[in-house]
Amino acid sequence: AHGTKLAQVLTTVDLISLGVGSCVGTGMYVVSGLVAKEMAGPGVIVSFIIAAVASILSGVCYAEFGVRVPKTTGSAYTYSYVTVGEFVAFFIGWNLILEYLIGTAAGASALSSMFDSLANHTISRWMVDTVGTLNGLGKGEESYPDLLALVIAVIVTIIVALGVKNSVGFNNVLNVLNLAVWAFIMIAGFFFINGKYWAEGQFLPHGWSGVLQGAATCFYAFIGFDIIATTGEEAKNPNTSIPYAITASLVICLTAYVTVSMILTLMVPYYAIDTESPLMEMFVAHGFYAAKFVVAIGSVAGLTVSLLGSLFPMPRVIYAMAGDGLLFRFLAHVSSYTETPVVACIVSGFLAALLSLLVSLRDLIEMMSIGTLLAYTLVSVCVLLLRYQPESDIDGFVKFLSEEHTKKKEGILADCEKETCSPVSEGEEFSSPATNTCGAKNLPSLGDNEMLIGKSDKSAYNVNHPNYGTVDMTTGIEADESENIYLIKLKKLIGPRYYTMRIRLGLPGKMDRPTAATGHTVTICVLLLFILMFIFCSFIIFGSDYISGQSWWAILLVVLMVLLISALVFVILQQPENPKKLPYMAPCLPFVPAFAMLVNIYLMLKLSTITWIRFAVWCFVGMLIYFGYGIWNSTLEISAREQALHQSTYQRYDVDDPFSVEEGFSYATEGESQEDWGGPAEDKGFYYQQMSDAKANTWSGKAKSKSKHKQNSEALIANDELDCSPE
């Protein structure tokens, strides 16, 4: 893998610009009109606000994830691979590919319909006359294969494959253009607004149901913020800029959307809005033709940025997944000439071009929302799980990441050296809690700036270090005992009763630490919470008639489910949190991630049935690839096989030894006298018994599961120590 050639140059402003650029394009120029006309009417404003709340909740969890595993490209896929495991990571990655695929196709489609609108619909008429129409693809009766969108998608793919870096300068210029056009729409629109379009019940023509359905689709308009997390590697100070940039770009986007939607619904009655290019046509309806071309410039700028924004990360995610062996390995090929994953670029561009040719914009946008909502739900779940796991587990995760990084850096030579020089490190490398009592570091090095655990100098304790941010090394107490503001206020309010209340509620004390048991409890609770929320949201959406009709059983069910959800959240609250202090942490755990899960699941279920069917097909294809190819060829699987092989040879020379040696003779280590082993025969018998037991145990479950290999290797190392130590 080629290391990123990009220097750490991006400031917080650049990151905000990236986020805003990738959001505002399609959101402002397409989604606002589409949702206003077909779902929510002028209530689209409320839809945007609800979608923004959902995005901010997920954004907060995303930001913590980004700080937990800095130095990664591939966003949510890489985070979940490191922290949760292979299967969940594959599922998230597969949905991210769907999101970017459809984002690219929708961008191309929107640009094409905008050029068509500029040419007074001559392009579409010519297509219908010469190529003919297509039915059954969801484009309505008068649909046509969108050849222009195909051409646009192909051109953008070529640009990306040629390795033209998504230069921040280019992005910033386009964003300034976009903002100028937004200001123009605000000022010019004020001269044409008419309050009657909001009067007499026209504000919510389809009721709250329409608004919430609109919110699920509007979520699409906030999808850009994960590009901020993806560029973490190039930021000057990722720990502070990522969370700030995510929040700021979401607020800017929300302001832009709400103001544009207000102008749009006050200028044109909602049923007369043009869904293809609403902002251009609204000025035409008032005879202001010059404005159409000004808006066109802005929308070309905005849509180009968002098109690049969705096509840039896609090959990177495919490349990361192929590199881990979860997708076909040839996709990870990096061209030496352009230094980009060319095969992944071409494959993804081709699929996006095909989609933009055949599928309508509305269907694309709904499909995109569902994949993203699911990915964000899983991110919230992961944050909730990680906060309550014991430290050693998370250490294992971070070490695993840094090992992967170093392996790539050091290459095969260093690996060979490691195998020959330190047999112990091989066994220890895959055992999750890497305990190290003597201070020497048997684990593979963390690169040039490796440090021993014994160092107590806090200033030199850097991000790459596995225990980064965990505890203050001098005292062993958590790094920062400062409490959050809400707790201090609560203490003042309640007074001395605060502590008795904590004890009565069974809340953990300050010095309580998570154990494997409490971590397991949280895992079970979170899984139950996910299933319960799914049932709860389904019932509220599909059984709404019974609830509004006040059927006693429906209301009882709802109350029961609310109580169960609250109980699960309370059980999670009772478990001790990990004391690790990160530069950015999601506030109010477990409430924020739990609420993010609830909102995301609800919005997912508000999308149309056909979207769910298409999504199910996509997931089914993903599962076929994973169980047919990925699970057998993944890096984890291969390393586990090597581990088993290594263990069996390790055993043959080590464990069989005592049986070949004469009774009463043993290898004496330096400083040990021969008499140490010359004890009673029972001791020797016990020692041989131990060894043969270990042998029997290890051989029995050799290739069954990856976790068993860990235990076996630990057992062997323990036996090794037993071998050397005087009894």
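This is a predicted model: local features need pLDDT of at least 70, side-chain atom pairs count only at pLDDT 80 or more; totals for chains, interfaces and linings use all residues.
Local features need pLDDT of at least 70 and side-chain atom pairs count only at pLDDT 80 or more, while totals for chains, interfaces and linings use all residues. Residues are numbered from 1 along each chain as its sequence is written, and side-chain values use heavy atoms, with hydrogens and water left out.

**View A. Tyr77 and Tyr81 form a tilted pair.** The structure holds 25 aromatic pairs. Here the ring centres of Tyr77 and Tyr81 are 5.9 Å apart and the planes meet at 45°, so the pair is tilted. Rings of Phe, Tyr and Trp (its six-membered ring) pair if their centres lie within 6.5 Å; planes under 30 degrees apart count as stacked, over 60 as edge-to-face and the rest as tilted. Tyr77 and Tyr81 sit four residues apart in helix α3 (residues 75-83), so about one helical turn separates them. Helices (H or I, at least four residues) are DSSP runs, numbered from the N terminus. Both Tyr77 and Tyr81 are buried.

**View B. Trp612 and Phe615 meet edge-to-face.** Their ring centres are 6.2 Å apart with planes at 90°. Trp612 counts as partly exposed at 24% relative accessibility, whereas Phe615 counts as buried at 5%. Buried means under 20% relative accessible area, exposed over 50%, partly exposed in between (1.4 Å probe, protein chains only).

**View C. Six aromatic residues form one cluster.** Its members are Phe87, Phe90, Trp94, Trp618, Tyr626 and Phe627.

**View D. Ser47 is buried in helix α2 (residues 44-68).** Its relative accessibility is 0%. Leaving aside residues up to four places away in sequence, Ser47 touches (heavy atoms within 4.5 Å) Val35, Ala40, Val211, Gly214, Ala215 and Cys218.

Technical notes
Helices (H or I, at least four residues) and strands (E, at least two) are DSSP runs, numbered from the N terminus.
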